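The entries below follow the order in which I looked things up.

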Amino acid sequence: MNNEERRFRYVSLDGCKELGRGSHGITYRLNDEQLLKVYTDNSKFSTIEKERLSAKHAFLEGIPSGIAFDTVVTELGLGVIFEFINGDTLGSYMSKHEDQFDDLIDKYVSLLKQFHTTKADTKKFRSSKEVFINNFNNLPEKYFNKKQVQSLINIVNAVPDEECFIHNDFHPQNIIRIEDGNLMVIDMADVSYGHYIFDFGSIYLTLVFSGSTSNKVCKRVTGLTSKQAKYLWQETVKRYLKTNDKKVIKDFEKKCAVIRNLYLTMLITTEKNVWSKPVLYLMSIWAKIMLIGRERKCIKLLSSC
């Protein structure tokens, strides 16, 4: 163990059942009441502690989520102990119970609205704008010059300021359907505050963009087929906005597409050790065409949110 790890209680993974793997780590069943998320992506302690505190503060604000306990050290590195939530991911459950699909969408939208109608403590959470701007300021110079970075920041700043909770990854595999039928949110690493359009941009990226690639990718990311994911998106927008007006929905989706493109651009920084150089280059070209090249149009769209 390094000096930082010596500060924490040691927990052995021997005999612990693996529950799943994500881009940041592996989750284990620690006992009947707790699970352990071990970070295997060389995450800094500050990043790990941010997720623990975000989960803790969100729970205390009344967001239905698992309780975060201690930061510990394991043979694979640092991890956080969370309350074990017994249930199935919403995506997996929906795909197996299509007869309940519409009822589950109502619960999904209700949970999303609960997030967005809960005011976040701005002293305990970062703003969504800050997250984007910090990442854009760290974009590689070989892909973006200072003027291009400023264009991206201008687009972000066009979004009106709000103080509601933003999950930033509110997709069906980050939601658990517990035994009584209610829903609880997991993976609170990126919780922030801001305008709800940020959440919808993230959801649009997950449900529509990943769904447009292949059924295999969509199933892995969301637990749903491409067709199911598209239907979930369409119904979420209609029920959240309480409208079937095609013009209103189309205008809203245009705004969501701009936020989706901002998220994709941010991946150039956050996933630079995961994606290949050709992929990162193509993503930078996408950003220059869809965002920087349309800066005024993007600002006009987002300023009317």
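**Helix 9 and its neighbour**

I began with the pair formed by helix 9 and helix 10, and I found that their crossing is left-handed. The model is a predicted one, and I read every entry here with that in mind. The axes of helix 9 and helix 10, the latter made of residues 277-290, come within 9 Å and cross at roughly 145°.

Which residues make the contact between the two helices? On the helix 9 side I listed Arg260, Asn261, Leu264, Thr265, Leu267 and Ile268, and these meet Leu280, Met283, Ser284, Trp286, Ala287 and Met290 in helix 10. For the spacing within such a list I recalled that an α-helix has 3.6 residues a turn, so residues three or four places apart point the same way.

I then took helix 9 by itself: its 25 residues, 246-270, reach 35 Å from first C-alpha to last, which is close to the 36 Å expected at 1.5 Å a residue. Its N-terminal end is capped by Asp245, which places a side-chain oxygen 2.9 Å from the backbone nitrogen of Lys247.

**Helix 5**

Helix 5 covers residues 146-157, and its twelve residues reach 16 Å from the first C-alpha to the last, close to the expected 16 Å. At its start I noted that a side-chain oxygen of Asn145 comes to within 3.1 Å of the backbone nitrogen of Lys147.

I next asked which residues of helix 5 are buried. They are Gln148, Val149, Ser151, Leu152, Ile153, Ile155 and Val156, and what covers them includes helix 4 (128-136), helix 9, helix 10 and helix 11 (295-303).

Strand 3, residues 34-39, has five of its six residues buried, so it is largely enclosed by the rest of the structure. I traced its pairing with strand 2 (residues 25-29), which is antiparallel over five bridges, and in that pair Gly25 has Tyr39 as its bridge partner. A hairpin of four residues joins strand 2 to strand 3.

Strand 3 also pairs with strand 5 (residues 77-83), in the antiparallel sense and over five bridges, and there I found Lys37 standing opposite Val80.

**The sheet 6-8-9**

I looked next at an open sheet of three strands, whose order is 6-8-9 and whose pairing is antiparallel. Strand 6 (87-89) and strand 9 (183-185) each have a single partner strand and stand at the edges, so one side of each is left without a neighbour in the sheet. The twist averages 35° from one strand to the next.

Between strand 6 and strand 8 (residues 175-178) I recorded three bridges, and within that pair Asp88 is partnered by Arg177. Helix 3, residues 101-116, lies across strand 8 and strand 9 and runs at about 45° to strand 9.

**Val191**

I ended with Val191, which sits in the loop between strand 9 and strand 10 (192-194). Is Val191 buried or exposed? With a relative accessible area of 2%, it is buried, and the cut-off that matters for this reading is under 20%.

Leaving aside residues up to four places away in sequence, Val191 touches Ser54, Phe125, Phe165, Ile166, His167 and Asn168. I also checked Val191 against Lys247, which lies 56 residues away along the chain, and their C-alpha atoms are separated by 31 Å.

Technical notes: Residues numbered from 1 in each chain as written. Predicted model: local features only at pLDDT ≥ 70, side-chain atom pairs only at ≥ 80, totals over all residues. Heavy atoms only, no water. Expected span 1.5 Å × (residues − 1). Polar contact = N/O pair within 3.5 Å; in protein donor to acceptor, adjacent residues only side chain to side chain. Pairing = 2+ DSSP bridges. Axes fitted to C-alpha atoms, helices over the stretch in contact; angles between N-to-C directions. Contact = heavy atoms within 4.5 Å. Buried < 20%, exposed > 50% of the residue type's maximum accessible area, 1.4 Å probe, protein only. Left-handed = near helix turned anticlockwise from the far one by under 90°.
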